[in-house]
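Let's take a walk through this structure, one region at a time. Have the sequence and the 3D view open as you read.

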Amino acid sequence: MSSNLLDSARSIEPRIVDVRRTIHSHPEMGFEEEQTSTLVRARLRDLGIPFKAGLAKTGVVAQIKGELGDGPCVLLRADMDALPIEERSGAPFASEVPGVMHACGHDAHTAMLLGAAELILDRKSTFAGTVKLMFQPAEEGGGGALRMIEEGALTDPQPDAAFMLHVWPDLDVGQVSCGPGPQLAGADAFTITVKGRGGHGARPHETIDPVVVGAQIVLATQSLVSREVDPTVPAVVTLAAFNAGTVSNVIPDRAVLKGTIRAFDDKLFAHLEERVREVATGVARALRADLDIEFEMSYPPSVCDAAMAQHLGTSAGDLLGADSVLVSKPEMGAEDFAFVLQRVPGAMLWLGVKNPAWPQPKPVHTATFDIDESALPIGSSAMAAVALDYLKRR
Ligand SMILES: [Zn+2]
Ligand SMILES: [Zn+2]
């Protein structure tokens, strides 16, 4: 069955590639995926797959029911949003939208899930139960998955298992990886506004300099991981943006710092949030400044179910050969599929997209990111296989 699936996926490869390139050249930011959502709906309509649209604005949930009757429900998810990056890949199908780029492969995820839908539909006489397809907006910070869940994506029917894949430029085409337990960290973003008193650069004693206060906050928060976290436990506090002032002789009245906290352990995560708040506030108070700190959208850690990760690995191994399936190690990146994993046992597949002949790596979230498109039929068949195998093994 499985090698047939890969053959079938290769026979529809031109269609998957075409969809990926169409989406790639028209990237859309989170919750603005109008054209992408329209394309998804048109393709589902062509295939005769019923769907519900308009969840979390642009999200779509489709269902393929097996002809062997009632059974469990398995969910497959793809994300649709792009990033605020100016593309420099040089691809003939590069972004036509200035400053917006599919630099995380979500174009490929959407195209591969539509390919998987076709493969599953062709085999609907072979299974009982339901395959649910979730096309979600705003993975990159907007929490589109959570909003879709709040709007009913996981009801009627409620999935018994959930899977996603993500392109992974560290792995060669043909390789995949997955693993049990925490795979991606919990993450949140925060903004600190230091409010001081501006003045002449030559009269610092008449000011409360927010640049100096901000600099102390950067340094003080860096000791939280090194001095307050067990060195054997992964954690990150990064201050990635520091904006203040415009010229050399004017002390500004405020500084704005932006950062992120990453950890796998919920208690540690909460502790670091509290301590960033306390340390930043304490430093500001000691240096006579006022301070606002706001925590924005936070993603929980992505914790894969051990049995589901094993099922995913076995299914991928049957499809691609056991040697092609590696055990993934945890990363400090984050995914809003975590919200699905909190509610449904599931697992994540990392899909190799690197062409070994490339002289340079093409990492995600960079202007030169790209994938070897021969990975697309592998991804489509892997998603179809994990769902079909799950429903047949029940
Ligand atoms: Zn990303
Ligand atoms: Zn991504």
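## The second largest cavity

Let's begin inside. The second largest cavity has a lining made of Arg77, Ala78, His109, Met112, Leu113, Leu165 and Met383. A cavity here is a set of points, on a 1 Å grid over the protein atoms alone, where a 1.4 Å probe fits but cannot get out, and a lining residue has an atom within 4 Å of such a point. The space in the second largest cavity comes to about 40 Å³, where a volume is the space filled by probe spheres set on the points, with grid points joined across faces, edges and corners.

Strand S3 and helix H4 each bring at least two residues to this lining, and H4 gives the most, with three residues. Helices (H or I, at least four residues) and strands (E, at least two) are DSSP runs, numbered from the N terminus. Sorted by class, the lining of the second largest cavity holds five nonpolar, one polar and one charged residues. For these classes, Ala, Val, Leu, Ile, Met, Phe, Trp, Tyr, Cys and Pro count as nonpolar, Asp, Glu, Lys and Arg as charged, and the others, Gly among them, as polar.

## A word on the model

What you're looking at is a predicted model, where local features need pLDDT of at least 70, side-chain atom pairs count only at pLDDT 80 or more, and totals for chains, interfaces and linings use all residues. Residues are numbered from 1 along each chain as its sequence is written, chains are lettered from A and ligands numbered from 1 in the order in which they are written, and side-chain values use heavy atoms, leaving out hydrogens and water.

## The largest cavity

How many cavities of 30 Å³ or more does the structure hold? There are two, and the largest has a volume of about 50 Å³. Its lining includes Ile12, Arg15, Val19, Arg43 and Glu118. Helix H2 (13–25) and helix H4 (106–122) are the elements that give two or more residues to this lining, and H4 has the largest share, four residues. The residues lining the largest cavity divide into five nonpolar, one polar and three charged.

## The sheet

Now for the strands. Eight of them make an open sheet with mixed pairing, in the order S1-S2-S4-S3-S5-S16-S6-S15; two strands pair if DSSP finds at least two bridges between them. Strands S1 (51–55) and S15 (325–327) stand at the edges with a single partner strand each, so one side of each has no neighbour in the sheet. From one strand to the next, the twist averages 25 degrees.

S1 and S2 run antiparallel, joined by four bridges, and Ala53 stands opposite Val60 in S2. The two strands form a hairpin with three residues between them, and Ala56 in the turn has a positive phi of about 50 degrees. S2 also pairs with S4 in the antiparallel sense, over six bridges, with Val60 opposite Phe135 in S4. S2 is mostly covered, with six of its seven residues buried (under 20% relative accessible area, against over 50% for exposed and partly exposed in between, with a 1.4 Å probe and protein chains only). S3 (residues 73–79) and S4 (residues 130–136) run parallel, joined by seven bridges, and Asp79 has Gln136 as its bridge partner in S4.

## Out on a helix

Arg227 lies in helix H6 (residues 210–228). Is Arg227 buried or exposed? With 69% relative accessibility, Arg227 counts as exposed.

Key:
Axes are lines fitted to C-alpha atoms, for helices over the stretch in contact, and angles run from 0 to 180 degrees between N-to-C directions. On a 1 Å grid over the protein atoms alone, a cavity is a set of points where a 1.4 Å probe fits but cannot get out, and a pocket is an open set with protein on both sides within 12 Å along at least five of seven lines; lining residues have an atom within 4 Å of a point.
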